[in-house]
Amino acid sequence: MDFSLEDTVTLLGNTPTTISSLLSGISTDWIHQNEGEGTWSPFDVVGHLIHGEKTDWIPRTKIILFEEDKRFIPFDRFAQEEESKGKTIDDLVREFKELRTENVKTLKSFNLSKTDLNKKGIHPEFGPITLRNMLATWTVHDLGHIVQISRVMAKQYKEETGPWPKYLRVLNQ
């Protein structure tokens, strides 16, 4: 499928509502469970998404579009561990929603052209990438974390599903 800026903006804008729908009103037992050592809970995922809103997607877009030095600052994939301390899931979901709303508004304000989408930045690991690559990655990143939250939550009921786990792919990933 070819990249669609319109669909990308829509999907990015829908992510906070999707996550809010999954997590609002759910007990902390669900929110803080993970899949084992070294994995993330839904709480951790939302914190990670917040950190990305602050330091990754729009800042890197601005580097590509407006800066002479096209090198990206490395992204700390675990910064949420410190940044989320003392917050509730409702705090995180609200913050994510506010940041994403502002970032989608900012993204729209750039009025990106096909030429803009082909402009390049320098990723610290991958080297040259286009703005199109990065915006597609931002979308897939969101979708991956929605799947991750769903999978982690589904696994909390694995034992309770009795004989059905062999038919429930999400429980066997």
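Me: Is Lys 119 buried, partly exposed or exposed, and at what relative accessibility?

Reply: This is a predicted model, so read each value as computed from that model. Lys 119 has 31% relative accessibility, so Lys 119 counts as partly exposed.

Me: Which residue does the side chain of Lys 119 meet in a salt bridge?

Reply: Start with the general idea. Side chains of opposite charge can pair when their charged atoms come close. Here the partner of Lys 119 is Asp 116, at 3.2 Å from N to O. Asp 116 is buried, because its relative accessible area is 13%.

Me: Which residues do salt bridges with shared partners join into one network?

Reply: Glu 35, Arg 151 and Lys 155 are joined that way.

Me: How many salt bridges does the count come to?

Reply: The count is eleven salt bridges. One of them pairs Arg 100 with Glu 53, at 2.7 Å from N to O. That pair links distant parts of the chain. Arg 100 sits in helix α6, residues 89–109, and Glu 53 in helix α3, residues 42–55. They are 47 residues apart.

Me: Are Arg 100 and Glu 53 buried or exposed?

Reply: Both are buried. Now take the salt bridge between Arg 71 and Asp 69. The closest N and O atoms of that pair are 2.7 Å apart. Arg 71 has 57% relative accessibility, so Arg 71 counts as exposed. Asp 69 has a relative accessible area of 40%, so Asp 69 is partly exposed.

Me: Let me turn to helices. At what angle do the axes of α1 and α6 cross?

Reply: They cross at roughly 170°. The axes come within 9 Å, and α1 covers residues 5–23. An angle over 145 degrees counts as roughly antiparallel. That is why α1 is described as roughly antiparallel to α6.

Me: Which residues make the contact between α1 and α6?

Reply: From α1, they include Val 9, Leu 12, Pro 16, Ile 19 and Leu 23. From α6, they include Ile 89, Val 93, Phe 96, Arg 100 and Val 104. By class, the contact has ten nonpolar, three polar and three charged residues. Arg 100 of α6 is part of this contact, and Arg 100 also has the salt bridge to Glu 53.

Me: What about rings? How many aromatic pairs does the count come to?

Reply: The count is four aromatic pairs. Among them, Trp 57 and Trp 138 are stacked. Read two values for the pair: 5.6 Å centre to centre, and 5° between the planes. Planes under 30 degrees apart count as stacked.

Me: Where do Trp 57 and Trp 138 lie?

Reply: Trp 57 is in helix α4, residues 57–66, and Trp 138 in helix α8, residues 131–155. The pair therefore ties together parts 81 residues apart in sequence. Trp 57 counts as buried, because its relative accessibility is 7%. Trp 138 is buried too, with a relative accessible area of 0%.

Me: Now the whole chain. How many helices and strands does the protein chain have?

Reply: It has eight helices and two strands. Along the sequence, the pattern reads α-α-α-α-α-α-α-β-β-α. The C-alpha trace spans about 55 × 40 × 30 Å along its principal axes.

Me: What share of the 173 residues is buried?

Reply: Buried residues make up 40%. Sequence separation can be read for contacts as well.

Notes
Residues numbered from 1 in each chain as written. Predicted model: local features only at pLDDT ≥ 70, side-chain atom pairs only at ≥ 80, totals over all residues. Heavy atoms only, no water. Salt bridge = Lys/Arg side-chain N within 4 Å of Asp/Glu carboxyl O. Helix = DSSP H or I, 4+ residues; strand = E, 2+ residues; numbered from the N terminus. Buried < 20%, exposed > 50% of the residue type's maximum accessible area, 1.4 Å probe, protein only. Axes fitted to C-alpha atoms, helices over the stretch in contact; angles between N-to-C directions. Parallel < 35°, antiparallel > 145°, perpendicular 65-115°, else oblique. Contact = heavy atoms within 4.5 Å. Nonpolar A, V, L, I, M, F, W, Y, C, P; charged D, E, K, R; others polar. Phe/Tyr/Trp six-rings, centres within 6.5 Å; stacked < 30°, edge-to-face > 60°.
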